[in-house]
Protein chains: 2
Amino acid sequence: MAPPRVAGVGTTHFGQLPERTARDLFAEAGLAALEDAGVPPGDVETLFYGNFMGELAEHQGHQAPLMAEAVGIRAPATRFESACASAGMAVREAVRNVRSGDADVVLVGGAERMTNMGTAGATEGLSIAADDLYEIRAGMTFPGAYALMARAYFEEFGGTREQLAAIAVKNHDNALVNEYAQFQRSITVEQALDAPMVAEPLGLFDACPFTDGASALVLVSEAYADREGLEAPVGIVGTGQGGDNMALQDRNYLARTPATERAAVTAFEDAGLGPGDVDAVEVHDCFTIAEVLALEALGFFDYGEGIDAAADGVTTRDGRLPVNVSGGLKAKGHPVGATGAAQLVDMTKLLEGRHPRSDDVTPEVGLAHNAGGTVASAVVHLLEVVA
Amino acid sequence: MAPPRVAGVGTTHFGQLPERTARDLFAEAGLAALEDAGVPPGDVETLFYGNFMGELAEHQGHQAPLMAEAVGIRAPATRFESACASAGMAVREAVRNVRSGDADVVLVGGAERMTNMGTAGATEGLSIAADDLYEIRAGMTFPGAYALMARAYFEEFGGTREQLAAIAVKNHDNALVNEYAQFQRSITVEQALDAPMVAEPLGLFDACPFTDGASALVLVSEAYADREGLEAPVGIVGTGQGGDNMALQDRNYLARTPATERAAVTAFEDAGLGPGDVDAVEVHDCFTIAEVLALEALGFFDYGEGIDAAADGVTTRDGRLPVNVSGGLKAKGHPVGATGAAQLVDMTKLLEGRHPRSDDVTPEVGLAHNAGGTVASAVVHLLEVVA
């Protein structure tokens, strides 16, 4: 099966845009992707759309047909919701639809409006991604949940707040030239360590921000790309998904994320590739510890070894495996329902050599990892320059 | 491509079950479907799950992994939300996954908890399926929206409240022996006409009730069915989806539902069948007028002719084209995110000759039609006895 090609990508600025609706954001990203692709909107056969909490943020469910209307297409439109992995799931089904021959042209992406809810409102909203009955009603928040995972990791393998801070420093540095990023300023390890504690051992700079934004991709079949003479050198050559029990209390062990492990095994098998083939990675770093857990679960580091990677310069731009060259969720921002698509936007640009960081990072194979909740859902995609 | 087979079906009782969570409901339906199929939970490769407004009803998003856990499977789990067509969309992607060879065994279904919200709360919650900015803030509710569609239809083609009442009477009569139905009592045209007006010309008995419930199906590949020696004679031989502008004000014409037309054309083409091949139909009768609009858009009646169908006995059990033999949304009930799966549960039983109405209705080919909002989304499936 010929891999679906990324014909074009588009994104809004990520940041505090409280006055903009999801439909407004997605129209910008979707139209940018279509223009980048040189694909007329009328050729789009399906829209797959990720959104997490439009019901709470703007009293709007059933967003998929609204988004189709916003970009001026009359195609069937389907919304996916898997918390922070919503757009990743949309991409996965888009890939499978193009690959199976069900569609030649799919517009896929996501949008999230968050900052209009305020900090307390957004925190409360995000909590619906965890188990309401057994976690949220007991007072758990996501910083608290990831702090538990960090403490379990530290207890099992060792680890320091300095090592986590190095991840934040790296991702902020990566975002400096990303014009779409929420934060384009560098931070130091000292600043991160001195920042207010959120949930021990995670401080303010260990957490990603609240973000409004949208991202989109146009996926096409090889046949369509050839027929229309499109420049679409990047193929999505592997897709994988994994699941886990929802509540932390229902898992045996908190220092690993089995859903990511399962998604990675599936995606690598699907692509006929292994971790050693990958040149650059975008992982779901909603918290610094999440980057560590992801890199180990994806097979790039042994368990207990991922914590050193940023501090040791292995995952910096000049390292062996550049991670979150986009700035990651930490610095690029995390508009929840858009993030899984945004990761592929940056990775596609890197693979095509047209990313602001293309002078430093020139991958042939890239991996994108998107996770939902405390990694009860995970999806992994492998991208490769195929033409 | 061999059509996916329905290996088993399961459903909860539909009704007022305010103390039961979506996970509790789906566990019952999902496990019933697996037991009916004789498929071990460990064989399930993917869960596709429809839910509409868990965010509002029980402060719970990210429900798909919760539902996998509830039925005891560790498979990747994906939630679909397309308002009242949520489960229909889940079925559509399940069909495509099995057909393309991506999976041999998929558990697909949906659940909705509504009555714990109370009448006002559920009405308010349902409104997020319409355009919040341009419809809901202007005071629109779903009964009001469908009343506008009914008035447009009456103005264009003529029609009476008596004709609509005949649809409600038919569907209540059909549900009398359906042990899962919310209403198992007959009504008369006079009762319907005398009932309180909700939104002219629609009275109380023109509307479906608020319902809690869940439904599920096990879809398997032909190869898996053969290998495991499963009794799975019913194949899903066609799938189609259509979209439309979200808000009524953004459509040219309210007396037709183009999203259903598009879904039907696609599904019939996919199956190599036409309306004349269909022996029984389940349509999305959230309001009586919706049954009329659906039957015309599906190609079973000329425009303006569907309004007579129930009163003339064409769509009753002894008629040429039995419609909503299950009782439909009107009498079986409408747990929003489960409805699209529930329709296939009843249709499968009819095709297999094991439905409470199998003495009266013995189809070889059946159609199920699921719609979201004021039919901004629609999905159509064709089922046939293939083995």
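This is a predicted model: local features need pLDDT of at least 70, side-chain atom pairs count only at pLDDT 80 or more; totals for chains, interfaces and linings use all residues.
Leaving aside its neighbours within four places in sequence, Asn370(A) touches a set of residues made up of Cys84(A), Ala85(A), Ser86(A), Ala87(A), Gly88(A), His284(A), Thr339(A), Gly340(A), Gln343(A), Ser377(A), Ala378(A) and Val379(A).

Asn370(A) belongs to strand S10 of chain A, which covers residues 365–372. Its relative accessible area is 2%. Buried means under 20%, so Asn370(A) counts as buried. One of the residues in contact with Asn370(A) is Gly88(A), and the side chain of Asn370(A) reaches the backbone nitrogen of Gly88(A) at 3.0 Å.

Asp302(A) sits in another setting. Asp302(A) is part of the loop that runs between helix H11 (288–297) and helix H12 (328–332) of chain A. With a relative accessible area of 59%, Asp302(A) is exposed, the cut-off for that word being over 50%. Along the chain, Asp302(A) and Phe287(A) are 15 residues apart, and 20 Å separates their C-alpha atoms.

The last step is from one chain to the pair. Two copies of a chain are related by a rotation about an axis and a shift along it. Here chain A is superposed on chain B by a rotation of 180° with 0.0 Å of shift along the axis, at an RMSD of 0.0 Å. This is the relation of a two-fold axis. Within chain A, the residue that comes closest to the rotation axis is Phe80(A), whose C-alpha lies at 2.5 Å. Of the interface residues of chain A, 98% are also interface residues in chain B, so the copies meet through the same surface.

Definitions and conventions: Residues are numbered from 1 along each chain as its sequence is written. Chains are lettered from A and ligands numbered from 1 in the order in which they are written. Side-chain values use heavy atoms; hydrogens and water are left out. Copies are superposed by least squares on the C-alpha atoms of residues with pLDDT of at least 70 in both. Contact means heavy atoms within 4.5 Å. Helices (H or I, at least four residues) and strands (E, at least two) are DSSP runs, numbered from the N terminus. Buried means under 20% relative accessible area, exposed over 50%, partly exposed in between (1.4 Å probe, protein chains only). A polar contact is a pair of N or O atoms within 3.5 Å; within protein, one must be able to donate a hydrogen and the other to accept it, and residues adjacent in sequence count only if both atoms are side-chain atoms.
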